[in-house]
Amino acid sequence: MEQNANALPKVTLGQYKGLEFTRRVRPVSEKAVELEAANLTRTHAPFAPVEKSAARGMRVTLDFEGFMDGAPIPESKMENVTVVLGTGQLMPSAEDAVYGHKAGESFRFDFTYPAEFRVPELSGKTAQFAITLHTVEQKQPVPLDDAFAKTLGFDTVDALKESIREKKRRSHEANADRIAGAALLGMAGANLTAELDNAILDQNADHDMNALRERLRRSKMTMELYCKSAGLTPEQVRKYRPNHGKDKSLYARMAELLWNSGHEDQHRKPERMAVPPDTDVYLEAVETSEDEKEETHRSGSRQPLCGNHS
């Protein structure tokens, strides 16, 4: 503990009381409520058999089996497999083969295994897969009415909409808290004076960069794209991480250090700061907002067409 305390830089707090920031809460629009309610009817719409050709978004039940040189491939046979087309439950070549076929049809398609497949005897070879399509189902439209609301546990459609409205209101309130907390912390941080050791700064910068790289990796985003989007070079990112669209100053870094240190005497947390800053808020900005994204409803788990050999 003493070693950690001694490693902290000497910091003098400036003004942190009485800071003013207008907290703005985005109102919940009726359009957003209606869109969410309509999305629920699509998500919970039931599937029903149709005499149409299989297409993306439809649910199919099928049998399939793989053959190599006319002989069945061990453990490749599966029966009555139910998948929703377009959700990644079938390998692409199998899904492409299913499209355009109707219930009751049987057909085949060829599939060439990778040159270095995990089952050596199948590497680089072409197999034939036989498919029998038992059913083709399509989601049926559901009216947004009291009967639908009752299936979700609400007495009326108005009660359902009020639940959606309240959920969005809480989300907007929480987002306003995050923005206000980060802004107040930045304002207090701008009034700090600190004697900083370059070795500590470099160590912290390296730690932040490693954390950022991991966050980017999980978001399937490259450092190059991140820097291009932020208008910064990697070295600038290393020194100043973007925070709410602005360069994060050295003093804002020190404010975070004080926040995380937990000292309650000379290193008191600035008043009115209910939420610590989100240093990765920039990444969240590239994600689709809550009001614009639709829930993705997938039926069942991923079931590769080739079973253990896919």
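User: How many helices and strands does the secondary structure of the protein chain come to?

Analyst: The model is a predicted one. Its protein chain comes to ten helices and ten strands. Of the 310 residues, 34% are buried. Among contacts with a separation of 6 or more, 70% are between residues 24 or more positions apart. The accessible surface is about 18700 Å², and carbon and sulfur atoms hold 50% of that area.

User: What makes Glu137 count as buried or exposed?

Analyst: The relative accessibility of Glu137 is 13%. The limit for a buried residue is under 20%, so at 13% Glu137 counts as buried. Glu137 belongs to strand S7. Beyond its neighbours within four places in sequence, Glu137 is in contact with Phe47, Ala48, Pro49, Val50, Met58 and Arg59.

User: Why is Pro114 called partly exposed?

Analyst: Buried requires under 20% and exposed over 50%, with partly exposed in between. Pro114 has 43% relative accessibility and therefore counts as partly exposed. Pro114 is in the loop between S6 and S7. The C-alpha atoms of Pro114 and Gly124 are 5.2 Å apart, although ten residues separate the two along the chain. Leaving aside neighbours within four places in sequence, Pro114 is in contact with Ser123 and Gly124.

User: How do you know that the buried residues of H7 line one face of the helix?

Analyst: In helix H7 (residues 223-230), the residues Met223, Tyr226 and Cys227 are buried. Viewed down the axis of H7, these buried residues fall within an arc of 95°, so they line one face. As a general point, an α-helix has 3.6 residues a turn, so residues three or four places apart point the same way. Glu224 and Lys228 are exposed on the other side of H7. After H7 comes Gly231, with a positive phi near 70°.

User: Why is the pair of Phe111 and Tyr113 called edge-to-face?

Analyst: The structure holds four aromatic pairs. For Phe111 and Tyr113, the ring centres are 5.0 Å apart and the planes stand at 85°, so the pair is edge-to-face; the criteria are centres within 6.5 Å and planes over 60 degrees apart. Phe111 and Tyr113 are both buried. Phe111 also pairs edge-to-face with Phe129, at 6.4 Å centre to centre and 75° between the planes. That pair links distant parts of the chain, since Phe111 is in strand S6 (residues 106-112) and Phe129 in strand S7 (residues 126-139), 18 residues apart. Phe111 and Phe129 are both buried. Ring pairs join Phe109, Phe111, Tyr113, Phe117 and Phe129 into a cluster.

User: Where does the charged end of Arg108 sit?

Analyst: The charged end of Arg108 sits over the ring of Phe67, at 4.8 Å from the ring centre.

Note on methods:
Residues numbered from 1 in each chain as written. Predicted model: local features only at pLDDT ≥ 70, side-chain atom pairs only at ≥ 80, totals over all residues. Heavy atoms only, no water. Helix = DSSP H or I, 4+ residues; strand = E, 2+ residues; numbered from the N terminus. Buried < 20%, exposed > 50% of the residue type's maximum accessible area, 1.4 Å probe, protein only. Contact = heavy atoms within 4.5 Å. Areas by Shrake-Rupley, 256 points an atom, 1.4 Å probe, with all protein chains shown as cover. Arc of directions from axis to C-beta. Phe/Tyr/Trp six-rings, centres within 6.5 Å; stacked < 30°, edge-to-face > 60°. Lys NZ or Arg CZ within 6 Å of the ring centre and 35° of its normal.
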